[in-house]
Amino acid sequence: MSSAQRQASPEAREVRRKIETLSSTLTLPTVRRALGVLEGEHSSSRLGGNNDPMSTRDYTFEDEARLIDWKASAKQGHPMVIDRERLVTSRVHLLLDNGLEMEGRTTSGETATEVAGNAMCMFAALSARRHDRISLVFADSANIIRKPFKGGLAQFEEAIDNGMGGEKRHPRNFEALLAYARTLNDRGSLVVIATDEHALSGDHLHSLRLIAAMHPLMLIDVATLNPFRKIPFGQITDGFDGRRIPAFMIGEQSASSVDTHRKYLTAQLQEHLKANGTTLIRAKSSEDMFSQFIHLVSVTLKQTSFARFDASSVSLGGMA
């Protein structure tokens, strides 16, 4: 276990375990549907789709009934499935804002980095099950680093935990992260960008629109705590100079004004992103992110007449 994992908050670790359990309990058809409805697709040489037939094999419990080839089954005397070429993207790009500002806390006590990292693990869990190539990128004002890794979710978790944070943090450069996303030339591949609510502004909408024109785009927007509302843990301080928020400024009236302003900005952002075909997940904790992701996929699957994506059975009680 890495030092990043040992220092993670209990809330972040709990959701990480949920993600691990979900990835191991979902069947492959469900995983393929869950990601397929969120991304652009093109032909590949992989099995499990509706394109050209590639091979015939015995039916297994993980296969969907619609895949049974009844003529071949009649000849063999038992259910047979024809594997067909499936539509997939060649790569999933996970771009993480790794700037110093991401150390800001959320209402759950987690840092924005922890929430964003768990969001990336959520996408990686499904993509790894489907054997997609995952490109993980960290960006701040000093570096843009693509972290190579091979394997499944466990290897991804190690890569992202080792890449997040670090002894010396640099301020963010969100413009550079968007510029990098615009250079991705594998059209149709899924792009996921994770940052906090303070990085996004109207100046970035043009870049997001250009990225969304080339790729299915998911934006993870982590909501940090309201500095004028009392919190059950610690003391609110400025992240750069360590100064405390004066007690006379902490109150419900000031906090409500900040909430109203943030809701207005979020509503504007959602309207613009929806028009560009970008999906926004705004989360105030890892648990909130997990729930919203499951809800988003469930609604999308329902709209496309697919089975519901149900994570209600994910429980921590039976996990070590």
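**A buried aspartate and an aromatic pair**

Asp 196 sits in strand 7, which spans residues 190–196 (strands are DSSP runs of E of at least two residues and helices runs of H or I of at least four, numbered from the N terminus). This is a predicted model, so local features need pLDDT of at least 70 and side-chain atom pairs count only at pLDDT 80 or more, while totals for chains, interfaces and linings use all residues. Residues are numbered from 1 along each chain as its sequence is written, and side-chain values use heavy atoms, with hydrogens and water left out.

With a relative accessibility of 1%, Asp 196 counts as buried (under 20% relative accessible area, computed with a 1.4 Å probe on protein chains only). A polar atom of the Asp 196 side chain lies 3.0 Å from the backbone nitrogen of His 198. Beyond neighbours within four places in sequence, Asp 196 is in contact (heavy atoms within 4.5 Å) with Glu 101, Met 102, Ala 112, Arg 172, Asp 221, Val 222 and Thr 224.

As for aromatics, the structure holds 1 pair (Phe, Tyr or Trp rings, the six-membered one for Trp, with centres within 6.5 Å; planes under 30 degrees apart are stacked, over 60 edge-to-face, the rest tilted). Ring centres of Phe 123 and Phe 293 are 4.9 Å apart and the planes meet at 80 degrees, so the pair is edge-to-face. Phe 123 belongs to helix 5 (residues 112–129) and Phe 293 to helix 10 (residues 286–303), so the pair ties together parts 170 residues apart in sequence. Both Phe 123 and Phe 293 are buried.

How values were computed: Buried means under 20% relative accessible area, exposed over 50%, partly exposed in between (1.4 Å probe, protein chains only). A polar contact is a pair of N or O atoms within 3.5 Å; within protein, one must be able to donate a hydrogen and the other to accept it, and residues adjacent in sequence count only if both atoms are side-chain atoms.
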